[in-house]
Amino acid sequence: MSILKRSLCSWSSKALNVANRSVTGTHRNLTSSVMMAMNQSSLNFGVFTTYNNHRREFSINHHQRLLPPTTPQEDKSSDKSKQGNTKIKALVVILAGAASILVASSMLADDVKAEEQATAEIGNPQSTVRDEESKNRYEIEDGINILREILKGKDKSQYSITLYQYQVCPFCCKVRAFLDYNEIPYKIVEVNPLFKSEIKFSKDYKKVPIVVVEGLLNNQLNDSSRIITHLNDVVDTSGKMNTADVVKWRKWVDDTFVHTLAPNIYRSNEEAVEAFEYISEQNGFGWWQKQAVLYGGSFTMYAVAKRLKKKYGIDNEREAIYACGKKWVNEALDSSKGPFHGGNEPDLADLAVYGILSSIEGLRTFNDLSKEVPQIGVWYHTMKNVVNSHKQNKQNKAN
């Protein structure tokens, strides 16, 4: 095991050097902390036991097979075969561990920093229509929305929109919730988190989500909140979807609520493996990517989660997400006006909270939150029914 540990750390060190060149600031510190955690850990792969409702078991340290009695000659052959299998397994784990650093670092960079370093342009980069760091993210502050002219007079069914995403990214889930609720048709392109070849057309912005709208001069909208704000400005003729109070809660989702997710779903090795099992299934990873995610990505993100707790001042991750759930149901919802923040119909605040929570539905964190704050579980499933109903209407119209 010591040889395996040294090999894995060597491969991971090289991978981290590559990852460090692709991320900046906080992420260099994150990858360094991951490396330190790996050097200090005993790398006991026995932690991968009994997860996901005990459906599967990982016990690499004590993996044995029952074999029928053999002759001494057969024993030698069997020993060679076992040695060969062990070497292959060790190689798989080493490669998976190294690859996982790249995958996890890439996905982390996109998920955590996507909303903090938004530098999107709306319109032609050569024109004067350029968004600043915080401008036009939650409201159209300057009154200029180029999408109005592009989509003017068009029925929603005529919109040509492509969403570049990671399936379980909470920011991407927000955008999908908005598009589905508003019955806006769109195509999905799943981005490979390691190579990102699908978004090579985007020169300066390498995070997700990205929305490409046919007719847009710069061809793309970046940052989930900007995407939603600009599209909502076109489809919301009543103006009720994005009031001042809605904007307040949308900012809270991006600045506070969403940052409690990662420390929770990766808070222990077991939960990290459970989360990455779910991620690998939802994203449709290939065999090598899945092994990297299961055997290495979970360990990496467990270390990263510790760093995120410190960054966002979270002492107890469960209490932090419980506090957010209670704040939402106690301060944002008013049953006398209807089941949603928007009253009888959801608004952009409802869709934002629903979107990020949908990224963890089915995981232990989501189940614990629903038990601790039953009202948010009821609200969530009511939202899910409404969004899915609108999504089905859209599909029926398309057919």
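**Entry 1. Helices α13 and α14**

I began with helix α13 (residues 364–372) and helix α14 (residues 374–398), whose axes come within 4 Å and cross at roughly 115°. I note at the outset that the model is predicted. I then listed the residues in contact: on the α13 side they are F366, L369, S370, K371 and E372, and on the α14 side P374, I376, G377 and Y380. Sorted by class, this contact has five nonpolar, two polar and two charged residues.

**Entry 2. H390**

I stayed with α14 and looked up H390, which lies in this helix. Which residues does H390 touch, not counting those up to four places away in sequence? I found D180, Y181 and E183. I also checked the C-alpha atoms of H390 and N182: they are separated by 7.1 Å, while the two residues are 208 apart along the chain.

**Entry 3. The chain as a whole**

I turned to the totals for the protein chain. Its secondary structure comes to 14 helices and four strands. Of its 399 residues, 51% are buried. I recorded an accessible surface of about 19400 Å², with 49% of that belonging to carbon and sulfur atoms. For contacts between residues at least 6 apart in sequence, I noted that 75% join residues at least 24 apart.

**Entry 4. The sheet**

I next traced the strands. They form an open sheet of four strands in the order β2-β1-β3-β4, with mixed pairing. Which strands are at the edges? I identified β2 and β4 (221–222), each of which pairs on one side only. Helix α5 (residues 170–181) packs on the sheet and touches β1, β2 and β3. I noted that the direction of α5 makes about 155° with that of β1.

**Entry 5. Strand β1**

I examined β1 (residues 161–165) in more detail. Why is β1 described as largely enclosed by the rest of the structure? Five of its five residues are buried, so the strand is largely enclosed. In a regular strand the side chains alternate between the two faces of the sheet. In β1 I found I161, L163 and Q165 pointing one way and T162 and Y164 the other way, all of them buried.

I then followed the pairing of β1. Four bridges join β1 to strand β3 (residues 210–213), and these two run antiparallel. Four bridges also join β1 to strand β2 (residues 187–190), here with the strands parallel. Y164 stands opposite I210 in β3, and its bridge partner in β2 is V189. T162 stands opposite V212 in β3.

Leaving aside its neighbours within four places in sequence, I found Y266 in contact with A272, A275, F276, I279, M301, Y302 and A305.

Key: Residues are numbered from 1 along each chain as its sequence is written. This is a predicted model: local features need pLDDT of at least 70, side-chain atom pairs count only at pLDDT 80 or more; totals for chains, interfaces and linings use all residues. Side-chain values use heavy atoms; hydrogens and water are left out. Axes are lines fitted to C-alpha atoms, for helices over the stretch in contact, and angles run from 0 to 180 degrees between N-to-C directions. Contact means heavy atoms within 4.5 Å. Ala, Val, Leu, Ile, Met, Phe, Trp, Tyr, Cys and Pro count as nonpolar, Asp, Glu, Lys and Arg as charged, and the others, Gly among them, as polar. Buried means under 20% relative accessible area, exposed over 50%, partly exposed in between (1.4 Å probe, protein chains only). Accessible areas come from the Shrake-Rupley method with a 1.4 Å probe; for residues, only the protein chains shown count as cover. Two strands pair if DSSP finds at least two bridges between them.
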